[in-house]
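Biologist: Could you take me through this one and back up each label you use?

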Amino acid sequence: MKAGITSEKIIILDFGSQYTQLIARRIREAGVYSEILPHETSLKRIIEMNASGVIMSGGPESVNTKKALKFDPKLLDSNIPVLGICYGMQTMAKHFGGIVSSSDKREFGNAVLKVNKGLIFSGLSTKTKDLNVWMSHGDKVTNLPKGFKKIGSSNNSAIAAFENIKLKKYGFQFHPEVTHTNQGQKILKTFVKDICGCSGKWRPKNIVDSLIQDIKSQVGDKKVLLGISGGVDSSVVAALLSKAIGKNLECIFVDNGLLRKGEAEQVKKDLKRGLKLNINFSDSEKLFLKNLKGESDPEKKRKIIGKTFIDVFLKETKKLKNISFLAQGTIYPDVIESSGIKNGKAHIIKSHHNVGGLPSYLKLPLVEPLTSLFKDEVRKIGKELGLPDYLINRHPFPGPGLAVRTLGEIKKERLEILRAADFIFMEELNSHNLYDKVSQAFAVFLPIKSVGVVGDARRYEYVIALRAAETTDFMTANAAKLDHEFLNLLSDRIINEIPQVSRVVYDISSKPPATIEWE
Ligand code: XMP
């Protein structure tokens with residue numbers, strides 16, 4: 001972590017739980033900066049980082065097997081407050097001489113916690129005797145370690161929460177970070193504020209100045225190159241860099257002809273005029289469409305686009321002089337999902353990124369100011385920097401653009417049909433205040449024809465599919481339950497206004513088994 005961002009922090013040791021990221025988010029929501037580190041991180045490192053407290057996450061292994069994950073036992077013998085969640089609790093119990101019993105059966109889902117008096121529960125309403133909590137475990141603590149007090153039990157786990165106030169060590173079998181646990185956030189707040197002594201004043205916007213300062217000290221008076229896509233991450237990086245180094249920032253925007261209606265113009269307006277950036281626009285529609293001609297295999301299409309993008313970017317870069325750094329909009333989840341946390345190695349570049357593959361080609365050192373931030377925090381910083389709301393709240397748009405939404409071969413006229421349909425969909429979502437209620441919405445062009453009748457005339461034309469997904473992490477998603485009348489309105493408008501379309505369908509598949517994009 002870069003210096004100056006925050007003096008108070010909570011370290012989360014990752015034992016492989018699917019909820020580790022969620023713990024980090026919840027701690028930040030409680031106003032304390034948090035960072036995820038590998039489970040074996042040494043106490044020395046934790047002290048160097050000036051951590052106010054540590055949370056040991058859950059994990060899929062059993063503490064009773066050889067696969068039990070290593071940690072520095074000195075941490076639990078230190079004076080640093082530690083909260084163990086699930087596997088973290090079991091590790092703690094074992095360390096202090098308690099007994100953890102293994103079972104083949106996992107307890108998964110809602111459970112009721114009988115709450116006893118405990119310091120870590122002091123933030124709960126005094127009337128709370130039964131608390132609905134979320135459980136996901138096989139093993140459980142069956143004998144309390146010496147000196148620990150049981151402060152909660154459930155039907156399945158007689159010891160579902162314990163504490164040792166003197167040692168500042170706490171353990172929960174349930175998951176306070178999951179929203180299904182009632183008042184879970186209050187419990188985490190008590191840990192970070194009352195037990196770890198944090199003030200809880202951290203806010204994403206507080207770190208804007210230090211992010212700018214960090215860029216200045218990394219870059220000095222050298223020039224930085226940034227590929228911008230019009231998405232929120234690269235726009236926020238552009239705004240930060242522009243504040244930090246002004247004219248020494250050079251941007252490249254590649255119009256690959258696979259963008260939505262009016263998108264290139266909008267980027268010009270917002271970023272060029274609004275932020276006064278040096279943007280080098282590359283109108284490369286013809287080249288992309290030429291390279292894509294005749295190809296209908298989804299993976300090959302993606303590869304062609306990736307390669308063409310790199311070629312264009314490099315050609316544009318050659319026109320610029322004295323570039324010393326390449327900037328990227330990598331955010332914290334990209335770092336966590338890459339090898340960064342799990343084995344402590346330097347992180348790889350995100351594979352989905354729009355400029356994926358560029359850094360190794362350009363052999364330039366990277367400037368990545370957003371690597372410590374979650375998406376919602378990036379948005380808050382964007383707002384602080386004065387970026388327009390619609391840009392900050394934009395749905396994600398894939399690097400290969402409309403190519404993965406135009407099934408089969410890409411042709412200009414197909415893209416035009418898709419653009420027109422997508423525009424109507426977005427216009428109606430916005431005018432019905434639905435855009436911000438769904439996580440991602442778009443139209444898809446299907447290269448099949450079906451019969452329709454418009455007025456008195458028979459129409460034999462293409463099909464447009466509409467997709468609206470609800471998701472928090474884009475790893476799983478459900479189709480948004482859009483109102484039927486609203487869907488009828490969309491269908492009528494699309495078929496009436498676009499003569500090349502005779503039918504509109506709504507995609508109701510969940511992810512998994514489907515994916516969000518169609519290709
Ligand atoms: P899928 O289709 O895998 O999409 O369920 C999950 C999320 O990732 C986006 N996506 C991409 N983003 N380059 C990107 O920058 C890509 O190649 C790419 N493919 C999918 C997709 O829009 C959704 O938000």
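This is a predicted model: local features need pLDDT of at least 70, side-chain atom pairs count only at pLDDT 80 or more; totals for chains, interfaces and linings use all residues.

Biologist: Why is Ser154 called buried?

Modeller: Buried means under 20% relative accessible area, exposed over 50%, and partly exposed in between, with a 1.4 Å probe and protein chains only. Ser154 has 9%, so it counts as buried.

Biologist: Where does Ser154 lie, and what does it touch?

Modeller: Ser154 is in the loop between strand 9 (149–153) and strand 10 (161–164). Strands (E, at least two residues) and helices (H or I, at least four) are DSSP runs, numbered from the N terminus. Leaving aside residues up to four places away in sequence, Ser154 touches Val112, Met135 and Ala160; contact means heavy atoms within 4.5 Å.

Biologist: How do you know that the span of helix 5 agrees with what it should be?

Modeller: The expected span is 1.5 Å times one less than the number of residues. Helix 5 (residues 184–195) has 12 residues and should span 16 Å; its end C-alpha atoms are 16 Å apart, so the two agree. Just after helix 5, Gly197 has a positive phi of about 75 degrees.

Biologist: And what do the buried residues of helix 5 pack against?

Modeller: Among their partners are strand 1 (9–14), helix 1 (20–29) and strand 7 (130–137). Phe191 and Ile195 are among those buried residues.

Biologist: What makes a set of residues a nonpolar core?

Modeller: They must be buried Ala, Val, Leu, Ile, Met, Phe, Trp, Tyr or Cys residues, joined through side-chain atoms within 4.5 Å. The largest such core here has 93 residues, and Leu241 and Ile464 have the most contacts inside it. Helix 7 (residues 232–245) gives the most to this core, with nine residues.

Biologist: Why do you say that this core lies between domain 2 and domain 3?

Modeller: Domain 2 (204–392) and domain 3 (412–506) both give residues to the core, so it lies between them. Those bounds come from an automatic or database domain assignment. Apart from this core lies another, of 38 residues, including Leu83 and Met135.

Biologist: Which residues does Ile464 touch?

Modeller: Ile417, Ala421 and Phe445 are among them, not counting residues up to four places away in sequence. Ile417 and Ala421 are buried in helix 16.

Note on methods
Residues are numbered from 1 along each chain as its sequence is written. Side-chain values use heavy atoms; hydrogens and water are left out.
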